[in-house]
Amino acid sequence: MSLIPDSYLTIAKPAEGLYKDKGSKFISWAYPVKDLEEIKSHLASLKEAHPKARHICYAYRLGFSPEEARSNDDGEPSGSAGKPILNTILSQNLHYVLVAVVRYFGGTLLGVPGLIQAYKEGAVDALEQAEIYEKEPMKIRSIQFSYAQMNEVMKICKKHPITIVNQVIDNLCTYELTYASRHAAEIDTSLDNL
């Protein structure tokens with residue numbers, strides 16, 4: 001049984017939120033992400049943009065298994081920052097999303113319950129500003145075939161919901177195709193039988 005659903009919820013573009021409590025500011029960002037490298041890049045940009053921030057706590061969910069979701073408290077008491085952010089992502093059933101909250105300390109300690117509330121509210125505000133939409137997992141595949149097989153390949157592309165992303169037509173042709181993962185078994189079989 002496959003873990004990949006027919007569709008999932010994610011966000012269309014970055015969004016920003018804000019929460020204030022007892023002088024502390026919690027500025028939050030939600031980003032659509034595709035991999036760990038993109039997550040690291042966003043976090044590095046936030047650290048560079050906010051060198052005076054006390055903490056940059058975050059959580060992300062990349063795929064569809066529990067192992068693909070992570071959180072980080074960045075020096076806040078354990079479980080008081082990253083976990084509430086992650087729980088917000090999970091409660092909205094979002095995938096391929098990073099939410100980071102930058103904290104500027106206002107001089108008054110909030111205590112663990114106050115921190116949990118502040119990081120949660122910051123994450124909620126960023127996600128409320130985001131455009132959430134349903135996305136279908138796609139598969140990308142490159143195929144090579146002789147020019148003589150062009151008609152067969154085009155018949156398969158017309159019969160199935162396939163998009164030709166890139167093509168090189170010569171004696172040996174190369175196509176880069178994309179199609180919904182839910183159709184992958186049937187399409188892959190057709191392509192493999194060329």
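Helices here are DSSP runs of H or I with at least four residues, and strands are runs of E with at least two, numbered from the N terminus. On that basis the protein, a predicted model, has five helices and 10 strands. Its radius of gyration is 22 Å, well over the 16 Å that the globule rule gives for 194 residues, so the protein is more spread out than a compact globule. The C-alpha trace spans about 75 × 35 × 25 Å along the principal axes.

Some totals come next. Of the 194 residues, 42% are buried. The exposed surface comes to about 10,800 Å², and carbon and sulfur atoms supply 50% of that area. There are 21 positive and 24 negative side chains. The centres of these two sets lie 4 Å apart.

Strand β2 covers residues 15-21, and strand β3 covers residues 24-32. The two strands pair in the antiparallel sense over seven bridges. Alanine 15 has alanine 30 of β3 as its bridge partner. Two residues lie between the strands. Lysine 22 sits in this turn and has a positive phi of about 50°.

Leaving aside neighbours within four places in sequence, alanine 130 is in contact with Ile11 and Ala15. Alanine 130 lies in the loop between α3 (111-129) and β7 (132-135). Alanine 130 has 13%, so it counts as buried. Its C-alpha atom is separated by 15 Å from that of isoleucine 85, a residue 45 places away along the chain.

Now turn to strand β4, residues 55-61. Seven of its seven residues are buried. Both faces of β4 are covered. On one side are His55, Cys57, Ala59 and Arg61. On the other are Ile56, Tyr58 and Tyr60.

Which strands pair with β4? One is β6, residues 97-104, joined to β4 by seven bridges and running antiparallel to it. In that pairing, alanine 59 stands opposite valine 99. Another is β5, residues 69-72, which pairs with β4 in the antiparallel sense over four bridges. Here tyrosine 60 stands opposite arginine 70.

Helix α2 spans residues 82-91. Its buried residues are Gly82, Pro84, Ile85, Leu86, Thr88 and Ile89. What covers them includes β4, β5, β6 and α3. An α-helix has 3.6 residues a turn, so residues three or four places apart point the same way. Among the buried residues of α2 are Ile85, Thr88 and Ile89.

At 5% relative accessibility, threonine 88 counts as buried. Not counting residues up to four places away in sequence, threonine 88 touches Lys120, Ala123, Val124 and Leu127. Helix α3 runs over residues 111-129, and α3 is among the elements that cover the buried residues of α2. Just after α2, asparagine 93 takes a positive phi of about 55°.

Definitions and conventions: Residues are numbered from 1 along each chain as its sequence is written. This is a predicted model: local features need pLDDT of at least 70, side-chain atom pairs count only at pLDDT 80 or more; totals for chains, interfaces and linings use all residues. Side-chain values use heavy atoms; hydrogens and water are left out. The radius of gyration is taken over C-alpha atoms; the globule rule is 2.2 Å times the number of residues to the power 0.38. Buried means under 20% relative accessible area, exposed over 50%, partly exposed in between (1.4 Å probe, protein chains only). Accessible areas come from the Shrake-Rupley method with a 1.4 Å probe; for residues, only the protein chains shown count as cover. Lys and Arg count as positive and Asp and Glu as negative; His and the chain ends are not counted. The place of a charge is taken as NZ of Lys, CZ of Arg, CG of Asp or CD of Glu. Two strands pair if DSSP finds at least two bridges between them. Contact means heavy atoms within 4.5 Å.
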